[in-house]
Amino acid sequence: MSRIGRLPISVPAGVDVAIDGNTVSVKGSKGELSHVVPSPITVSLDENTITVARPNDERESRSLHGLTRTLISNMITGVTEGYKKDLEIVGTGYRVQAKGSDLEFALGYSHPVSVKAPEGITLTVTGPTKLTVSGIDKQQVGEVSANIRKLRKPDPYKGKGIRYAGEIVRRKVGKAGK
């Protein structure tokens, strides 16, 4: 059995879980999320615990078992606490400004780069070189953060660019560093 897949998921107070066929819907104080469970996996709700089971030990069933359990657990965490990623901008003249719900970056290009906030995602500027991406869907928060980081990846020679908070950029020596 999968070590992760066989762990029961406890449902905290204030969270409503509805299982309709192969669709699991989770509703909490921050919002509502739903997930379609792949066919060989079954999900059951007993009082305040959710259990995920698989019918056999085939390779596909084993791989989907732990994945499904983790996705449902992430949905419950998302509707109760939410997810956030902090980003930092490093470089002379590099900065970010809030323009309504959108962001405008100055990243050393000849033009400012604007980023629209997708539905369900909140973009917050905490300083001229710091921003926070937050939302209830873990996958969407990570994807938006990665797309913002992709605007100007951290340079290995000078260290300039957009990076996650706490990310360590491996530096390289230049031509003169023999």
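Two strands count as paired if DSSP finds at least two bridges between them. Keep that rule in mind for this predicted model. Strand β7, residues 83-90, and β13 pair in the antiparallel sense over four bridges. Within that pairing, I89 of the chain stands opposite I162 in β13.

Now step back to the whole chain. The protein chain has two helices and 13 strands. Its radius of gyration is 21 Å, well over the 16 Å that the globule rule gives for 178 residues, so the chain is more spread out than a compact globule. Taken along the principal axes, the C-alpha atoms fill a box of roughly 60 × 45 × 25 Å.

Return to β7 and look at its sheet. Four strands form an open sheet here, in the order β11-β12-β7-β13. The pairing is antiparallel. Which strands stand at the edges? They are β11 (121-127) and β13 (161-164). Each has a single partner strand, so one side of each is left without a neighbour in the sheet. Neighbouring strands of this sheet are turned by 25° against each other on average, with direction ignored.

Helix α2 lies across β7, β11, β12 (130-135) and β13. The helix runs at about 10° to β7.

Next comes another sheet. This one is open and has three strands, in the order β8-β9-β10. Its pairing is antiparallel. The edge strands are β8 (95-99) and β10 (113-115), and each pairs on one side only. Here, on average, neighbouring strands are turned by 25° against each other, direction again ignored. Look at one pair in detail. Strand β9, residues 102-106, and β10 pair in the antiparallel sense over three bridges. Which residue in β10 is the bridge partner of E104? That partner is S114.

Finally, find the largest pocket. About 190 Å³ of space lies in it. Which elements each supply at least two residues of its lining? They are β4 (32-36), α1 (59-80) and α2 (138-149). The lining consists of L33, S34, H35, L71, N74, M75, I136, D137, K138 and Q139. These residues divide into four nonpolar, four polar and two charged.

Notes. Residues are numbered from 1 along each chain as its sequence is written. This is a predicted model: local features need pLDDT of at least 70, side-chain atom pairs count only at pLDDT 80 or more; totals for chains, interfaces and linings use all residues. Side-chain values use heavy atoms; hydrogens and water are left out. On a 1 Å grid over the protein atoms alone, a cavity is a set of points where a 1.4 Å probe fits but cannot get out, and a pocket is an open set with protein on both sides within 12 Å along at least five of seven lines; lining residues have an atom within 4 Å of a point. Grid points are joined across faces, edges and corners, and a volume is the space filled by probe spheres set on the points. Ala, Val, Leu, Ile, Met, Phe, Trp, Tyr, Cys and Pro count as nonpolar, Asp, Glu, Lys and Arg as charged, and the others, Gly among them, as polar. Axes are lines fitted to C-alpha atoms, for helices over the stretch in contact, and angles run from 0 to 180 degrees between N-to-C directions. Contact means heavy atoms within 4.5 Å. The radius of gyration is taken over C-alpha atoms; the globule rule is 2.2 Å times the number of residues to the power 0.38.
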